[in-house]
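Thanks for coming, everyone. Let me put the sequence and the structure up, and then we'll walk through them.

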Amino acid sequence: MLFNEITASSLVKVGFDGLPLSPIDHDVNPAGFTIHRAIHLACPDAVCVLHTHTVAGVAVASLDAGLQPVNQWALQFHNRVAYHEYEGIALDLDERGRLIADLGKYKVMILRNHGGLLTVGAKIAEAFILMMNLDRACAVSRSPSSRPDSPCASSAKPSAKRPRGNM
Ligand SMILES: [Zn+2]
């Protein structure tokens with residue numbers, strides 16, 4: 001099935017046990033739900049958990065330094081991004097505790113080497129906007145013109161005011 005063929009009725013609903021809530025014609029990828037289940041179980045306010053493997057997100061997740069405050073999109077996430085170290089394909093249920101501990105109070109997480117970006121929202125729109133801006137920040141950060149000594153980097157102090165408009 002292609003992405004442009006997917007409709008709301010073709011989405012699979014699964015319970016916290018990972019089993020489909022209604023009959024389906026195909027299997028559910030358990031690794032695809034492990035991360036989501038962990039966050040939904042631990043965070044009652046997490047109405048929506050998004051997880052992507054975009055090229056830009058994979059690139060930044062593969063860097064030791066992670067996301068750097070070298071552009072205005074990235075500034076939105078300065079000191080607001082959690083990181084989780086790679087533990088292999090997300091099938092180990094023991095990883096859930098470490099994942100939740102790493103997420104902590106944040107709504108944005110980069111899964112190192114896994115190559116994933118993850119956002120959490122009290123609404124679908126919140127998680128989506130965070131993901132869109134995080135992916136943009138990653139895309140621009142990995143461009144050859146990114147400068148670690150840029151004015152954005154020097155203004156990214158913990159006391160810097162939160163930029164308006166994009167979050
Ligand atoms: Zn993933």
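First, the ground rules. This is a predicted model: local features need pLDDT of at least 70, side-chain atom pairs count only at pLDDT 80 or more, and totals for chains, interfaces and linings use all residues. Residues are numbered from 1 along each chain as its sequence is written.

Now the layout. The protein chain has six helices and four strands. Both are DSSP runs, numbered from the N terminus: helices are H or I with at least four residues, strands are E with at least two. From the N terminus on, the order is α-β-α-α-β-α-β-β-α-α. Of the 167 residues, 25% count as buried. Buried means 20 or more other C-beta atoms within 10 Å of the residue's own; exposed means 12 or fewer; partly exposed is in between; and the C-beta atoms are placed from the backbone.

On to the sheet. Four strands form an open, mixed sheet in the order β1-β4-β3-β2. Strands pair if DSSP finds at least two bridges between them. Which strands stand at the edges? They are β1 and β2, each with a single partner strand, so one side of each has no neighbour in the sheet. Neighbouring strands are turned by 20 degrees against each other on average, direction ignored. Look at β3 and β4: they run antiparallel, joined by four bridges. V108, for instance, has T119 in β4 as its bridge partner.

Helices lie against this sheet. Helix α1, residues 31-42, lies across β1 and β4, at about 155 degrees to β1. Helix α5 packs on the sheet too, touching β1, β3 and β4, and its direction makes about 150 degrees with that of β4. Axes here are lines fitted to C-alpha atoms, for helices over the stretch in contact, and angles run from 0 to 180 degrees between N-to-C directions. Contact means C-beta atoms, placed from the backbone, within 7 Å.

Next, the core. A nonpolar core is a set of buried Ala, Val, Leu, Ile, Met, Phe, Trp, Tyr and Cys residues joined through C-beta atoms within 7 Å. The largest one has 25 residues, and L67, I110, L134 and A137 have the most contacts inside it. Which element gives the largest share? That is α5, with six residues. A137 touches L67, N71, W73, A74 and F77, leaving out residues up to four places away in sequence.

Last, two loop residues. Most residues other than glycine have a negative phi. N79, in the loop between α3 and β2, has a positive phi of about 60 degrees. N79 is exposed, with 10 other C-beta atoms within 10 Å. N113, in the loop between β3 and β4, has a positive phi of about 65 degrees. N113 counts as partly exposed, with 15 C-beta neighbours inside 10 Å.

Key
Two residues are in contact if their C-beta atoms, placed from the backbone, lie within 7 Å.
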